Amino acid sequence: MNCSALLSLMLMLVQLWPCSPSMQNCSTQNTDQSFTAVQRVKRGWVWEPLFATEEQTSMVPVYVGQLKSDLDKQDGNLKYLLTGEGAGNIFIIDENNGKIYVKEKLDREKKPFYILRAQAINKNTQLPVEPESEFIIKVRDVNDHEPQFLDGPYMATVPEMSPEGTSVTQVTATDGDDPSYGNSARLLYSLIQGQPYFSVEPKTGVIRMASQMDRETKDQYLVIIQAKDMVGQAGAFSATATVTINLSDINDNPPKFQQRLYYMNVSEEAPVGTTVGKVFAEDSDIGENAAMNYFIEGDSSDAFDIITNNETQEGIILLKKRVDYESKRRYSIEAKVVNRYIDDRFLEEGPFEDKTIVKINVEDADEPPVFTLDNYVMEIAEGAMSGSLVGVVTARDPDDDDCPVRYSIVHGMHLKRLFSINEHNGTIITTKPLDREIASWHNITVTATETKNPEKISEVNVYIQVLDVNDHAPEFPRYYETFVCENAVSGQLIQSISAVDQDDSAEGHRFYFSLAQEATNNSHFIVKDNKDNTAGIFTAKSGFRRQEQFSFYLPILILDNGIPPLTSTNTLTITVCDCDTKVNTFYCRYGAFMYSMGLSTEALVAILACILILLAIRQQRKKSSFSDKMEEFRENIVRYDDEGGGEEDTEAFDISALRTHTVMRTHKPRKKVTTEIHSLYRQSLQVGPDSAIFRQFISEKLEEANTDPSAPPYDSVQTYAFEGTGSLAGSLSSLGSNMSDADQSYDYLTDWGPQFKQLAGMYTSHRSVGD
């Protein structure tokens, strides 16, 4: 290869740097861009510039440079050696003269330099005459790589109507050659396709707008960019890239109606909300720039409305209220369309709206009857006799022929027929008296039907209010449990009462309380009206006795303020109670307390008898003469389910079952029943459980039974249920027996405390009578 060929490949100078420690003043100088050889003289070594060229092809080794020692007398006594990277296979040296050759093709992009070591030795002595020195061989670059667009193909978007010079995008190519040497990697960009709309900067690859463009004319462009190395000189390599440029939309076009005049029809039967028709405006823009809103202008907007279909961008005209062919047969409305989003940059180009005229014809139809009112409200007094007039409904045929109508009431299967209607004139009457307290309002449905066309039917709601009449007397709101203490003083409040009335008072209820006429003269109580719809019951005397009268029945007269006013007599039951010393905090022992719990007199007597029997058993055990022996008892429960039986009743109970040992009790004859007791017994057959005579009779019989310790069973409960007079079954009670055990003392009852004061009083008093 000659020198001109080597220069055209732009060889790179190979530099040598001595690194041996013996070379104290070693220095390196680079050759300039013209590659002028500069000889450097060192102590012991003479360095001559060396270089290698990449991509050099030759069948013979190519000379690179020469190594020479200043001790070389050219007598053939020195021998040069080369070691390091590529020594022997890539680079070889002539050991006689130190010339270096390259025998393989080099690639700078794979390896830009090689590090080698040189040594000179005496052939005879094989001793080094120069120390080993290291040097670097750099490979000169040649233009052997084409430019590449690694990021292509390119996509870019720019708004339409952008001004000239607006940057669109940038393209960049790369070159594998050495950018620091020569022009192999110096690129130049040019536009192959895209004029006159776009331009490209030669050095940067920035693409710019060359003129304003309208998306509605063309919305996409294909631009081709070329990149050349060697600054575009002859023989340079090149590459191209495609850039797809899209124009984005801007709102630069107003909407336009397709027609200047629209014709539509609507039936007078059409309900509110019916679609009458559609109008459509076109907009060359897309997306939200084409979004529009429709409006109706003018006086006709009260009958029609228009909405926008956001998907189709159509204007839908709707019926806003019912139209009537007989009233108005034609409508003319003005519809307007306006862009929803306005771009202020284009306001000067004109308003972004458009208008059109819509003419609507009303079509005649056979309409159902029309009531004069949307609904009717009527009134009637409760209790009005059947056939009473409630009110009148009226309907007419709105069509021109004015067909007669027929009225009827819609009766559900679950509704009672309380009203009827005259099918010719719409008069509503009652079929039976009404009670406001059962239902204060009645809602009925009346229909009107054309006689010529029964399919044309209309309905209307009729609301009938039942007016109140004062037909209910006032009464107590609940059952009052009223008590009075035996030690109550005169003027003491024992009960507060009120009243209720089922009637409806427009001015509010007002009740007046007083004693009934029959109780005003001999009553032990008084009624005080508080003038606030309540009253207080006060005692009219001091002191009450339960033995004399267990309860009082106080008739109270209540008067309302209705028209006309009504009165009622309500009875207040007052029970006399045995109270403690604090009159205001009373309680009823035994009977009254159980009364407040809802127990009957029979239950009270049974409970009292149970208490007395348990007391008698306790006393009997205290006096038992068998204290030194353990007597076992069996519990025997005897139940009498029938009311008679005579001897069967006595045989049902085996007294021997109560004893484990044969112990005979000394039978003591019962003491005779006094004439007073027999009298009480006879009187009890004629009175009820609430009679004081009956209560006294029961008390006497209980006392007599409890004083007989031998009367079995000891752990049984005797219940004396009053059956009234004339019972077919005889009495099973033993109260009529004239036998009694020995007397016994009940003085221990006084030791049981104040709770048993009444019981102790009953027994001590009877004991004294018995004595």
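This is a predicted model: local features need pLDDT of at least 70, side-chain atom pairs count only at pLDDT 80 or more; totals for chains, interfaces and linings use all residues.
Residues are numbered from 1 along each chain as its sequence is written, and side-chain values use heavy atoms, with hydrogens and water left out.

Me: How many helices and strands does the protein have?
Reply: Helices (H or I, at least four residues) and strands (E, at least two) are taken as DSSP runs and numbered from the N terminus. Counted in this way, the protein has 7 helices and 41 strands.

Me: What percentage of the residues of the protein count as buried?
Reply: A residue is called buried under 20% relative accessible area, exposed over 50%, and partly exposed in between (1.4 Å probe, protein chains only). The accessible areas come from the Shrake-Rupley method with a 1.4 Å probe, and for residues only the protein chains shown count as cover. The protein exposes about 43,300 Å², of which carbon and sulfur atoms supply 51%. Of its 771 residues, the share that counts as buried is 39%.

Me: Among contacts between residues at least 6 apart in sequence, what percentage join residues at least 24 apart?
Reply: Contact here means heavy atoms within 4.5 Å. Among the contacts in the protein between residues at least 6 apart in sequence, the share joining residues at least 24 apart is 67%.

Me: Is Ala156 buried or exposed, and which residues does Ala156 contact beyond its neighbours within four places in sequence?
Reply: Ala156 sits in strand S11, which covers residues 154-159, and because its relative accessibility is 6%, Ala156 counts as buried. Its C-alpha atom is separated by 9.4 Å from that of Gln170, 14 residues apart along the chain. Leaving aside neighbours within four places in sequence, the residues in contact with Ala156 are Val168, Thr169, Thr244, Ile245 and Asn246.

Me: Which residue does a cis peptide bond join to Pro196?
Reply: Most peptide bonds are trans. Pro196 is found in the loop between strand S13 (188-193) and strand S14 (198-200). With omega about 0 degrees, the residue joined to Pro196 by a cis peptide bond is Gln195.

Me: Where does Gln313, with its positive phi, lie?
Reply: Most residues other than glycine have a negative phi. Phi of Gln313 is near 60 degrees, which is positive, and Gln313 is buried because its relative accessible area is 16%. Gln313 is found in the loop between strand S22 (304-309) and strand S23 (314-319).

Me: Is Gln126 buried or partly exposed?
Reply: Phi of Gln126 is likewise a positive value, near 60 degrees, and Gln126 lies in the loop between strand S9 (113-122) and S10. Because its relative accessibility is 47%, Gln126 counts as partly exposed.

Me: Which residue forms a salt bridge with Lys79?
Reply: A salt bridge is a side-chain nitrogen of Lys or Arg within 4 Å of a carboxyl oxygen of Asp or Glu, and a search of the whole structure finds 13 salt bridges. Lys79 lies in strand S6 (residues 78-84) and its partner in the loop between strand S7 (91-93) and strand S8 (99-102), so the pair ties together parts that are 16 residues apart in sequence. With the closest N and O atoms 3.7 Å apart, the partner of Lys79 is Glu95.

Me: Which residues are linked with Asp249 in a network of salt bridges?
Reply: Asp249 forms a salt bridge with Arg215, the closest N and O atoms being 2.9 Å apart. Asp249 is buried, with a relative accessible area of 14%, and Arg215 is buried too, with 11%. The residues linked with Asp249 in the network are Arg215 and Glu216.

Me: Which residues gather with Asp401 in a patch of negative charge on the surface?
Reply: Patches are made of residues with over 30% relative accessible area and no salt bridge, with like charges joined within 9 Å and nonpolar side chains (Val, Leu, Ile, Met, Phe, Trp, Tyr) within 5 Å. Asp401 is found in the loop between strand S29 (395-396) and strand S30 (405-410), and because its relative accessibility is 51%, Asp401 counts as exposed. The residues that gather with Asp401 are Asp364, Asp366, Asp400 and Asp402.

Note on methods:
Lys and Arg count as positive and Asp and Glu as negative; His and the chain ends are not counted. The place of a charge is taken as NZ of Lys, CZ of Arg, CG of Asp or CD of Glu.
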